[in-house]
Amino acid sequence: MKVPMVDMLAGYAPIKDEIEAAVKTVFNKANFILGEEVTRFEKEFAAHNGTKYAVGVANGTDAIRMALIASGVKKGDEVITSPFTFIATSETISQVGAIPVFADIDPVTFNLDPKSVEQKITAKTKAIVPVHLYGLPCDMDAIMALAAKHNLLVIEDTAQAFTAKYNLGGKEWKYCGSIGHCGTYSFFPAKNLGAFGDGGAVTTNDDKIYETLKQLRNHGSKVRYHHEMEGFNSRLDTVQAAILSIRLRHVEKWTEMRNAVAAKYAEALQGVCVTPVVPENARHSFNYYTLRFDSKAKRDNAQKYLTEQQIANQIYYPIALHLQEAYAHLGGKRGDLPVCDAVMDTVFSLPMYPELSDEQIKTVTDAVKASLK
Ligand SMILES: *Cc1c(COP(=O)(O)O)cnc(C)c1O
C-alpha cells in the first residue's frame, strides 16, 4: 500500500464548503492586500497562543528575518542556534548581517543542548534562536535562564511547533512561540497549521517589536508612501488569512489526532528502534515523526526498504547546517558537534498527518520491522 508523507486533501474534504465560502468572500470584496481577514486572523492567532500580538507575514522564513531585525539583532552580532534544522533558521541570521553560531543538540530530544549553548556565548552574542524540532518543545526553562543571565534575546523558531506546549517552570503551560521575545511560525502547507500556499506569522508581547514588525512587512511604512525605515514586501495574503481562520478552529483536534498516530507508531515500534520521547513537561505537535536507529547502515536500509514499498519517508535533516557548503566559511567540520553528527546519520521520519489510518500505520511499522530482519 502506498503511504504518502502528508495528505493535504484528507484535511480539506471535511471543511471544503467553509473554506470555499471564505475564499469567495475575499474574491467578492477584492481586498487582497492586508484585508480585514488578515487583521481578524492575527487577533485569533494571538489569542490562541496567549500573546498580546501576532503579525501575519508572507512566510516562515521572513517571519524569522523580521523578528531578528525588529528585536534589534544587527550586523556583527552572534546568534546561537541549532545546526539540526532547516536552513531558513540560519540563512535569515546571516541575511541581517549577524553570524550564526551552531551549538550542539541533545541526543534524546534533538533540540539545542543548553550546556552547549552556554559554551558558545561570547561578548558578541545577542540572541538565541531555539528551534522546536519536529514539534517538540526545547528546554525553555534552561534557555530562558541563560538569556536572562547573559541579557540575550530569544526568538523561538516555531515553524514546526504551532500547538506544542511547554510547562514553564513546572507552573504554567505555555504555547511554544509565546515564551521568548518573539515566536515565528510558518503556514507552509505541510506544517501543523498549513495555508493553501505560503504564509507566516510572528507573535510577541512587546509593543515596540509589534509596531516595527508591522512596518517591516510593508516597506517600512505606517502611512502609505511615508517610510521611516526600509522594509520588505512580506504581507500575509488576505485569501490565505481567510483560509487560516477556518483551519485554526480545527488545529487543536488535528494535533490530538497526530498525537494518537504517534502513540500507535510508538506502540508498534517499541523495542525495534528509538521512537520520539515526549518529556512530562511538554506537548508535542508532531509535525514530523522521527525514528532513530542504532547505526547508519540500519537507517539507510530501513529508508531504502520503505521507499521500495512506496512508503514515503524523509531524513530531516541529512546534512546538518555546520557541514553545509553554504557555511564552509564558518569552518565547521565533522566532530565539532558530535551529537548532531551522530543523530543526522541515524534518523529518518515516517509519514505523519492527522488522518493516517490504522491500516496505513500497520503497513508503515511492519515495513520498518521487516527492514531490520
Ligand atoms: C518550514 C520551516 C521554516 C520556514 O518556513 P517557510 O514558511 O517555508 O518559509 C523555518 N524553520 C523551520 C524549522 C521550518 O521547518
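Student: Is A328 buried or exposed?

Tutor: Start with the cut-offs: buried means under 20% relative accessible area, exposed over 50%, and partly exposed in between, with a 1.4 Å probe and protein chains only. A328 has a relative accessible area of 53%, so A328 is exposed. A328 sits in the loop between helix 11 (296-308) and helix 12 (338-344). Helices (H or I, at least four residues) and strands (E, at least two) are DSSP runs, numbered from the N terminus.

Student: What should I know about the model itself?

Tutor: This is a predicted model, in which local features need pLDDT of at least 70, side-chain atom pairs count only at pLDDT 80 or more, and totals for chains, interfaces and linings use all residues. Residues are numbered from 1 along each chain as its sequence is written, and side-chain values use heavy atoms, with hydrogens and water left out.

Student: How far is A328 from H250?

Tutor: Their C-alpha atoms are 43 Å apart, and 78 residues separate the two along the chain. H250 is in the loop between helix 9 and helix 10. H250 counts as buried, at 15% relative accessibility. Contact means heavy atoms within 4.5 Å. Neighbours within four places in sequence aside, H250 is in contact with I15 and E18.

Student: What is a nonpolar core?

Tutor: In soluble globular proteins, nonpolar side chains tend to be buried together. A nonpolar core is a set of buried Ala, Val, Leu, Ile, Met, Phe, Trp, Tyr and Cys residues joined through side-chain atoms within 4.5 Å. Here the largest core has 27 residues, and F41, F45, F187 and L193 have the most contacts inside it. Helix 2 (16-29), helix 3 (36-49), helix 9 (238-248) and helix 10 (251-268) each give two or more residues to this core. Helix 9 gives the most, with seven residues.

Student: Which residues does F187 touch?

Tutor: Residues up to four places away in sequence are not counted; among those touched are F41, F45, L193 and L244. A second, separate core has 24 residues, including V55, A63, L68 and Y210.

Student: How do I read a helix against its surroundings?

Tutor: An α-helix has 3.6 residues a turn, so residues three or four places apart point the same way. Take helix 8 (residues 207-216): its buried residues are I209, Y210, T212, L213, Q215 and L216. Their cover includes strand 1 (53-57), helix 4 (60-70), strand 8 (182-186), strand 9 (200-204) and strand 10 (221-223).

Student: What is found at the start of helix 8?

Tutor: A side-chain oxygen of D206 comes within 2.9 Å of the backbone nitrogen of K208. A polar contact is a pair of N or O atoms within 3.5 Å; within protein, one must be able to donate a hydrogen and the other to accept it, and residues adjacent in sequence count only if both atoms are side-chain atoms.

Student: Which polar contacts does the side chain of T203 make?

Tutor: One is with the side chain of Y185, at 3.1 Å. A polar atom of the T203 side chain also lies 3.2 Å from the backbone oxygen of G177. T203 is in strand 9 and counts as buried, at 0% relative accessibility.

Student: Which residues come nearest the ligand?

Tutor: A residue is near a molecule or strand if one of its heavy atoms lies within 4 Å of it. The ligand has 15 residues around it, and G60, T61, Q160, S186 and K191 come nearest. A polar side-chain atom of T61 is 2.5 Å from a ligand oxygen. For Q160, a side-chain N or O atom is 2.8 Å from a ligand oxygen. D157 places a polar side-chain atom 2.8 Å from a ligand nitrogen.

Student: How many disulfides are there?

Tutor: A disulfide is a covalent bond between the sulfur atoms of two cysteines. The cut-off is a pair of cysteine sulfur atoms within 2.5 Å. A search of the whole structure finds zero. The sulfur of C176 has its closest cysteine sulfur in C138, 7.4 Å away, so that pair is too far for a bond. For C273 the closest cysteine sulfur is in C340, at 20 Å, again too far for a bond.
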